[in-house]
Amino acid sequence: MAKKNVSVYFCQECGNETSKWSGQCPACGAWNTLVEEVVDKTAVKSRAAVSDVHPTKLVDVVANNEDRMSTQIAEFDRVLGGGIVPGSMILVGGDPGIGKSTLLLQTCQKLCQAGVDVMYISGEESLQQIKIRADRIGKFNDKLNLLCETNLDTVKAVVERERPTVLIIDSIQTMFNDAVSSAPGSVSQVRESTSVLMNVAKGMGIAVFIVGHVTKEGTVAGPRVLEHMVDTVLYFEGDRHASYRILRGVKNRFGSTNEIGVFEMQNVGLIEVKNPSMVMLEGRPENATGSVVACSLEGTRPILVEIQSLVSKTAFEIPRRMATGCDYNRVNLLVAVLERMRDHKANKSCGIFLGRSDIYVNIAGGIRVNEPAVDLSIALAIYSSEKEIQIPGDTMVFGEIGLSGEVRSVQMAEQRLNEAKKLGFKRVIMPQSNLAGLTVTGVEAIGVSNIKEAIDAISK
Ligand code: TYD
Ligand code: MG
């Protein structure tokens, strides 16, 4: 067959493939993101004889969950769903400088101490640079092999020869394959590199961590396609200038997602934070207006966060609304609910007017919470700032708010109460419907069924 090269165009944002160039991606609508790639169409697809292929009965399949390898870093294991599954492919994404290389080098250190053969392939740093980082982290034994290489064929050959148990590729954007004509970091290079590594990993049962840089839009640079290919996607987030870092699972074929691991960057590398609630509440002002402690569930773990709100007279035609760390639209919705609030006992309206006020809501500590259970706390923070009422520092609040101002039940109320008790809170304002069957003692649980009752509870 004659060799036939065809040009196709890939979108750098969503990975969509088209045969013609255009200024706008027809799939995701992004502008100027299509790049040309030359695809070799001569590759012949092989097909096994169909008569040799037989399905397997589900009951005959043996799955062994015991095979997981612990990273010896509890916070990391938690996000992975209990440890590394052999042969799995894990993408660790995050902004440059957030600490991806540091975390993985520390994982190497721990795995090596447990006797695992690890190979760390870096396309970004020299051996000396890695050594300098390793010296900051601590002592390493002789189980760790380093390689500075960007050529995928070389990487593949070395991995096939050395057969490590765990392989780390830092980063996938620096890898390049001679067979693909485009530059390293482009969609087809990244996709090709990932699929080659995946074949090697699955074939030999090697667990592979790949580092991927995130663009300012928040996706792994260029190709979202990567997320579909790998087994697990973890994102390392946090403010680069603050020392706390959060490792979040967004996809996991071997465990639950939305588990988070909390770390602190220190001068000896990343240190696990065992009690994130304490960290998030650090430096909280005592008895200030507009400050409420809420409880958000991150995976299976309740974390207490401080919600701050500032309500001030606006100087503009249209008042400003700002939400940092929580959903902007949710804040707008809660403002509307506060304005239309009703006192059900007196059967009259008791809403507060916020139409001429700027409203700022902030979650302290740089964490993002998206759970509806923080609704009641956000609403109370806004109310507290507007009315200049202090909410006692020993009170924690949680509950979801419905459009008519009712406080709805949330899941795992008992765990939230226990977390409040652990951190010395005396009182918890929570949904009435969650009260039944609670066995936690030592904290006063105040059940409320609508937002007015919650306001009465804090105003006392
Ligand atoms: P790095 O892990 O290289 O980030 P990434 O691989 O995600 O780009 O480094 C993160 C930052 O952390 C870097 O600016 C230096 C800093 N750092 C410390 O503060 N303490 C340490 O012990 C180490 C190793 C790095
Ligand atoms: Mg790095």
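Predicted model: local features only at pLDDT ≥ 70, side-chain atom pairs only at ≥ 80, totals over all residues.
Strand E4 covers residues 89-94. Of the 6 residues in this strand, 6 are buried, so E4 is largely enclosed by the rest of the structure. In a regular strand, the side chains alternate between the two faces of the sheet. In E4, Met89, Leu91 and Gly93 point one way, while Ile90, Val92 and Gly94 point the other way. The residues of both sets are buried.

E4 is paired with two other strands, E8 and E9. Strand E8 consists of residues 207-213 and runs parallel to E4, to which it is joined by 6 bridges. One of the residues involved is Gly94, whose bridge partner in E8 is His213. Strand E9, made up of residues 232-237, is also parallel to E4, and 5 bridges join these two strands.

The cysteines were examined next. A disulfide is a covalent bond between the sulfur atoms of two cysteines. A search of the whole structure returned 0 disulfides. For a pair of cysteines to be counted as a disulfide, the sulfur atoms must lie within 2.5 Å. The cysteine sulfur closest to that of Cys108 belongs to Cys112 and lies 6.1 Å away, which is too far for a bond. Cys108 has a relative accessibility of 0% and therefore counts as buried, the limit being under 20%. For Cys326, the closest cysteine sulfur is that of Cys295, and the distance of 16 Å is again too far for a bond. The relative accessible area of Cys326 is 4%, so this residue is buried as well.

Ligand 1 has 15 residues around it. Those that come nearest are Ser101, Thr102, Arg133, Gln266 and Gly269. In the side chain of Thr102, an N or O atom is 2.5 Å from an oxygen atom of ligand 1. The side chain of Arg133 likewise has an N or O atom at 2.5 Å from a ligand oxygen. With Lys100, the contact is made by the backbone: one of its polar backbone atoms is 2.8 Å from an oxygen atom of ligand 1. Taken alone, ligand 1 exposes 560 Å², and the protein buries 76% of this area.

Notes:
Residues numbered from 1 in each chain as written. Chains lettered and ligands numbered in written order. Heavy atoms only, no water. Buried < 20%, exposed > 50% of the residue type's maximum accessible area, 1.4 Å probe, protein only. Helix = DSSP H or I, 4+ residues; strand = E, 2+ residues; numbered from the N terminus. Pairing = 2+ DSSP bridges. Near = heavy atom within 4 Å. Polar contact = N/O pair within 3.5 Å; in protein donor to acceptor, adjacent residues only side chain to side chain. Areas by Shrake-Rupley, 256 points an atom, 1.4 Å probe, with all protein chains shown as cover.
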